Every structure is written in C-alpha cells, then in structure tokens.
Amino acid sequence: MFQVRLVCLNRRYAAVCQRAVWCYRGGSISAEPRINDRIRVPEVRLVGPSGEQVGIVPLAKALELAQEYDLDLVEVAATARPPVCKLMDYGKFKYESAMKAREARKNQAHTVIKEMKLRPKIDPHDYDTKKGHVVRFLKQGDKVKITIMFRGREQSRPELGFRLLQRLASDVEDLGFIESNPKQDGRNMIMVLGPHKKKTEAMAEAREAQAARKAERQGNAAEGSEDEVAEAEAEAPAETTSDA
C-alpha cells in the first residue's frame, strides 16, 4: 500500500515539474492569448489592424504602436519564431468570437435517435398514438428506433412483429425511410427509420413556422385594438346629451 501511494506521489510530482518547465519556457496553461504587457519576447512579427504585414519589430515598438492606435497587442501565433502579434481591439474581438460561437451552436444540428417500443398485438388506438410520436420525431429530423417486444409465446411468432414494422414504415413513408431493416435481437425485433429531411432543414422550417405564428398573433392583436377603437368611436355620439 505504501509503495502504491509513493508511486502516485512521484507521478504527481513529475506532472507538476513538467508543467512548471512548460511555463518557464514561455508556454501558457491558459487558453487565452497573451496581450500587451503579458507578452515576454524581445521581438514579434507584427500584423497591422487591417491585416497588413508590418514585419519583425521589437516588442517595445509594437507596444508603442498599440498605444498610438489605441488598440491591444495580441499574440495570435505563440509557437512561431518570432511570435506573431496583431493590433486589434481585444474586447471587441472576444465579444464577436463569443457571438459567432453562440450562433454556431444555435445552428448546429445533432441527429438524435429516438426510441419507440411496441407490442406485437398492440391496440389500434395505442398504435395511432405511437405512430403520431414517430411522425413528430421524423418531422423534427430525428431518427427513430422502433422496438417490438415479444413476451412468452409471442417469441414463436416473429412474423407478427415484422408485419407491424412494415405497416408502420408504410404509414410514415412520406416522412422517413427504412434505414435499418427489421432484425431479431433476442426477445426484441428492431428497425431504424431515417428522416427524409435533414436536421438543419427541419430546424429552419420550425423557426419559420414559429415566426409566422408570432406575426399572426401580432396581426390579430392589432386588428382587435382597431376594432375596439372603432366601437368606442361609434358609441361616443350616443353617449353625448343635448341641453336643448
């Protein structure tokens, strides 16, 4: 036990030493680039604000130019010799990068495999309900794994499950296709349906439909307010009385 603990301590000590050596050699344990006074090299290859190549200049000169343009000196290629630095507004750069990453995550499409389980002798109403879920999943651009669960003597009638899967695939053929043919897996029979539409297309259509519903609600609200104003104007003369 003592030897195992000693080996763990030695490994941890070696990792700390390696990390310290990396930092001493100019490496950075942070993902953020070094800027301005944090840059510790005698000279840099400088890139101007518009992307023009200034050339290799002393670090002091690069910092002086950064102050002159009211910009930051950002190290964009630390492994180059000498390191490449660019004059830019680092705060604005970080904000724009964060917004681009957020937009990319928003538009990123992950195909999800949904699962739907059925019994060979499923009730017609339950079948319609399950089929509705499959239709919704396929419209969203997701794959659907259909599992037929056999119990007891049902295992001797695999054709029941096969016919049920074929029926379901036929009912949703406008939205999806059979990506993986039915196959027996122990007590279950499995089939995978793939959507005709890609996930990105389904997401775009959903956003368009949401925007259309929002515009329709706003239009109905505007028409309602106009009708109320018209009714108020129509009732106004009837409420006025004459002194004559």
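This is a predicted model: local features need pLDDT of at least 70, side-chain atom pairs count only at pLDDT 80 or more; totals for chains, interfaces and linings use all residues.
Starting with the overall layout, the protein chain contains six helices and eight strands. Read from the N terminus, the elements come in the order α-β-β-α-β-β-α-β-α-β-α-β-β-α. Of the 244 residues in the protein chain, 25% are buried. Contacts across the sequence are also worth a look: taking those between residues at least 6 apart, 55% join residues at least 24 apart.

On to the sheet. Four strands make up an open sheet in the order E2-E1-E4-E3, and the pairing is mixed. The edges are taken by strand E2 (53–58) and E3, each of which has a single partner strand, so one side of each has no neighbour in the sheet. From one strand to the next, the twist averages 35°. In general, strands of a sheet pair through backbone hydrogen bonds, and they do this either parallel or antiparallel. E1 and E2 run antiparallel and are joined by five bridges. Within that pairing, Arg45 has Ile56 of E2 as its bridge partner. Helix H2 (residues 59–69) lies across E1, E2, E3 and strand E4 (84–88), and H2 runs at about 125° to E2.

Pro42 sits in the loop between H1 and E1. With a relative accessible area of 70%, Pro42 is exposed, because that value is over the 50% cut-off. Pro42 still has partners from elsewhere in the chain: leaving aside residues up to four places away in sequence, Pro42 touches Pro58 and Leu59. Its C-alpha atom is also 8.2 Å from that of Ala60, a residue 18 positions away along the chain.

Helix H4 comes next. H4 has 16 residues, and its first and last C-alpha atoms are 22 Å apart, close to the 22 Å expected at 1.5 Å a residue. Its buried residues are Tyr127, Val134, Phe137 and Leu138. Looking down the axis of H4, these buried residues fall within an arc of 95°, so they line one face of the helix. The face turned away from that buried side carries the exposed residues His125 and Lys139. As for what lies against the buried residues of H4, they pack against E5, E6, H5, E7 and E8.

Helix H5 (residues 158–171) can be treated in the same way. Buried in H5 are Leu160, Gly161, Leu164, Leu165, Leu168 and Ala169. Viewed down the axis of H5, these residues fall within an arc of 165°, so they too line one face of their helix. The cover over the buried residues of H5 includes strand E5 (113–118), helix H4 (124–139), strand E6 (143–149), strand E7 (176–185) and strand E8 (188–195).

Finally, the charged pairs. The structure holds five salt bridges. One of them joins Lys94 to Glu32, with the closest N and O atoms 4.0 Å apart. Lys94 belongs to helix H3 (residues 90–107), whereas Glu32 is in the loop between helix H1 (2–24) and strand E1 (43–47), so this pair ties together parts that are 62 residues apart in sequence. Lys94 is partly exposed at a relative accessible area of 40%, and Glu32 is also partly exposed, at 40%.

Another salt bridge brings together the side chains of Arg34 and Glu75, at 2.8 Å from N to O. This pair, too, links distant parts of the chain, with Arg34 in the loop between H1 and E1 and Glu75 in strand E3 (residues 72–77), 41 residues apart. Arg34 is buried because its relative accessible area of 19% falls under the 20% cut-off. Glu75 is buried as well, with a relative accessible area of 6%.

The side chains of Glu159 and Arg157 also meet in a salt bridge, with an N to O distance of 2.5 Å. Both residues count as partly exposed, Glu159 at 31% relative accessibility and Arg157 at 37%.

Notes:
Residues are numbered from 1 along each chain as its sequence is written. Side-chain values use heavy atoms; hydrogens and water are left out. Buried means under 20% relative accessible area, exposed over 50%, partly exposed in between (1.4 Å probe, protein chains only). Helices (H or I, at least four residues) and strands (E, at least two) are DSSP runs, numbered from the N terminus. The arc is that of the directions from the helix axis to the C-beta atoms. Contact means heavy atoms within 4.5 Å. Two strands pair if DSSP finds at least two bridges between them. Axes are lines fitted to C-alpha atoms, for helices over the stretch in contact, and angles run from 0 to 180 degrees between N-to-C directions. The expected span of a helix is 1.5 Å times one less than its number of residues.
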